[in-house]
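This dialogue takes features of a model one by one, with the rule for reading each and then the case at hand.

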Amino acid sequence: MRQPTTRGEWIFLNLVVLVLILGSLNIAKAQGWLIPPQEPIPVDNGVIDIATLTLEQKIAQMVIVHGGPWNEGQWKALQVGGIHLFAKERQELFEETIKSFQKNMTIPFFVTADLEGCLNPFAAFQEFPAAADITTTTEAFEKGLTEGQYLRSLGFSINYAPVVDLDDQIWTCRSFPGNETIVAELARAYVEGLQQEGVIATAKHYPGKTLVVRDPHKYIVAATIQEEDIYPYTVIAGSVKAVMVSHIITSGTIDSQGIPAVTSPEVIGSLKQSFTGLVISDEINMLGLRDFYPSLDEMYIAVFKAGNDIVLNFNEDPNEVYRMIEVVAEAVEEGDIPEEQIDAAVRKILEAKGFVVR
Amino acid sequence: MESKALVIINISLALVALLLLLQFLNVALPSVGQALFLLDSAEPRCFVAWSKNSSPMLDLGRCCLGARQQLQCLAEEDVIQQTQWSCRTGALAYHLNNKAYHYCQQQVIWQ
């Protein structure tokens with residue numbers, strides 16, 4: 001091949017090389033190859049010394065992502081805390097996905113589902129009664145037991161149920177029927193059944209009114225919380241192992257001070273006064289929450305700083321989830337988020353996964 | 001190589017390099033989906049249907065999250081609700097019009 005002789009030919013050659021380099025970088029990024037691999041977390045006979053985890057490893061354990069075969073390698077490399085699975089056509093697809101994800105993981109993923117009854121990722125092949133159809137504690141317990149048995153058999157560890165919002169005006173099927181006393185008792189029975197099968201139940205959506213609000217105000221819905229909205233949480237706080245916090249801006253009995261509940265230290269702090277289990281954020285990429293903050297980085301920091309133990313981030317791009325981890329790590333290093341708070345969350349997570357934590 | 005052709009090729013390559021650089025740096029680039037969304041003057045509409053009940057859902061973010069979790073989304077015209085897409089699993093369905101559907105497709109949980 002002859003050497004380029006004109007300026008145009010030199011420019012052409014350089015541009016071809018530049019395009020090849022940039023193209024390769026984009027491919028590498030899409031494949032997750034630019035995410036630095038994390039060292040395996042040392043586990044000694046079921047015991048983990050939290051001091052042996054890096055800050056990034058600790059924060060990664062606090063994140064639950066949407067799991068799929070297209071990003072399995074990246075999630076495993078990042079050692080995120082868990083994967084959430086959406087609806088699939090066949091039971092075998094769930095079994096294969098979970099088995100593949102858990103293979104060779106010294107710290108297993110939480111595997112989570114939204115199995116409420118009418119919300120049912122298994123509906124293509126397995127039905128369950130809707131919460132709205134449950135009227136007795138016996139039925140509620142049976143529902144929890146049956147769902148727990150099924151979830152456990154597939155390899156799930158957390159179910160984002162029961163809904164203890166008092167009124168479902170949108171789906172009309174997600175809430176137990178009745179007043180706060182009845183809802184609390186039905187929820188308690190459901191939690192007992194589900195957790196008896198070794199699946200963590202999640203009461204949601206704290207502090208309530210998430211299923212009745214219809215009109216979003218500037219992308220974030222707002223509601224007034226009353227004593228009866230909180231009542232079910234007071235009844236089941238001693239038994240349920242997880243609570244999910246909603247994005248809505250609340251006033252009244254629980255006042256989020258004009259910011260989304262999920263990023264309010266006051267709301268989560270008040271929850272933690274009576275509840276010692278896992279506090280889980282609702283999924284953080286809903287546009288309302290994203291747009292409430294000037295930047296994604298500020299939103300990420302706010303969600304972790306508020307005191308959530310687990311953050312749901314279903315962004316399909318592992319690079320962005322990794323960036324979130326880095327942003328939060330930097331906030332910890334700068335003193336904006338106490339590392340003790342991160343350690344306390346990770347301790348709860350690892351203990352929930354069955355480890356002894358030193 | 002003929003000089004004019006080389007200039008055109010070089011300009012094209014420079015544009016490609018610029019797009020690749022912006023893509024790598026996560027700079028949001030306009031897409032056909034975004035163009036369709038902006039050109040559509042309708043209001044986004046989302047309905048949740050369970051059994052025989054159907055209810056509007058004005059929280060579009062939550063609608064997108066719910067729809068995304070369903071088994072599949074199919075083009076399905078509903079004349080009464082004026083929606084063109086249905087995302088369903090079993091008896092639960094989210095019905096969206098084109099505006100809402102294109103909006104949802106742009107969210108990071110859909111990509």
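Helix packing

Q: Is the crossing of α5(A) and α6(A) left-handed or right-handed?
A: A crossing is left-handed if the near helix is turned anticlockwise from the far one by less than a right angle, and right-handed if clockwise. Helices (H or I, at least four residues) and strands (E, at least two) are DSSP runs, numbered from the N terminus. Here α5(A) and α6(A) cross in the right-handed sense. The model is predicted, so local features need pLDDT of at least 70 and side-chain atom pairs pLDDT 80 or more, while totals for chains, interfaces and linings use all residues. Residues are numbered from 1 along each chain as its sequence is written, chains are lettered from A and ligands numbered from 1 in the order in which they are written, and side-chain values use heavy atoms, with hydrogens and water left out.

Q: At what angle do α5(A) and α6(A) pack, and how far apart are their axes?
A: Axes are lines fitted to C-alpha atoms, for helices over the stretch in contact, and angles run from 0 to 180 degrees between N-to-C directions. Helix α5 (residues 137–154) and helix α6 (residues 180–196), both of chain A, have axes 7 Å apart and an angle of about 30°.

Q: Which residues of α5(A) and α6(A) meet?
A: Contact means heavy atoms within 4.5 Å. On the α5(A) side the residues include F141(A), L145(A), G148(A) and L151(A), and on the α6(A) side they include L186(A), A189(A), Y190(A) and L194(A). By class, this contact has 8 nonpolar, 5 polar and 4 charged residues; Ala, Val, Leu, Ile, Met, Phe, Trp, Tyr, Cys and Pro count as nonpolar, Asp, Glu, Lys and Arg as charged, and the others, Gly among them, as polar.

Q: How does α6(A) pack with α7(A)?
A: Helix α7 (residues 227–236) of chain A lies at about 30° to α6(A), with the axes 9 Å apart. The two are therefore roughly parallel, and α6(A) passes α7(A) in a right-handed crossing. Among the residues in contact are V183(A) and A187(A) of α6(A), and Y231(A) and V235(A) of α7(A). The classes here are 7 nonpolar, 1 polar and 4 charged.

Q: What area is buried between chain B and chain A?
A: Buried area is the accessible area (1.4 Å probe) that two parts lose on being put together, summed over both. For chains B and A the value is about 3700 Å², 65% of which carbon and sulfur atoms give. F24(B), R62(B) and Q69(B) supply 18% of the area that chain B buries against chain A, more than any other three residues. The contact takes 37 residues from chain B and 52 from chain A.

Q: How many salt bridges does the rule find across the interface of chain B and chain A?
A: A salt bridge is a side-chain nitrogen of Lys or Arg within 4 Å of a carboxyl oxygen of Asp or Glu. The interface has 2. R68(B) pairs with E316(A), with the closest N and O atoms 2.8 Å apart.

Q: Which parts does the salt bridge of R174(A) and E116(A) tie together?
A: These side chains meet at 2.7 Å, N to O. R174(A) is in the loop between β5 (158–159) and α6, and E116(A) in the loop between β4 (110–113) and α5, so the pair ties together parts of chain A 58 residues apart in sequence.

Q: Where is the cis peptide bond with omega about 0°?
A: Most peptide bonds are trans. The bond joining Y206(A) and P207(A) is cis, and P207(A) is in the loop between β6 (200–206) and β7 (222–225) of chain A.

Note on methods
Parallel < 35°, antiparallel > 145°, perpendicular 65-115°, else oblique.
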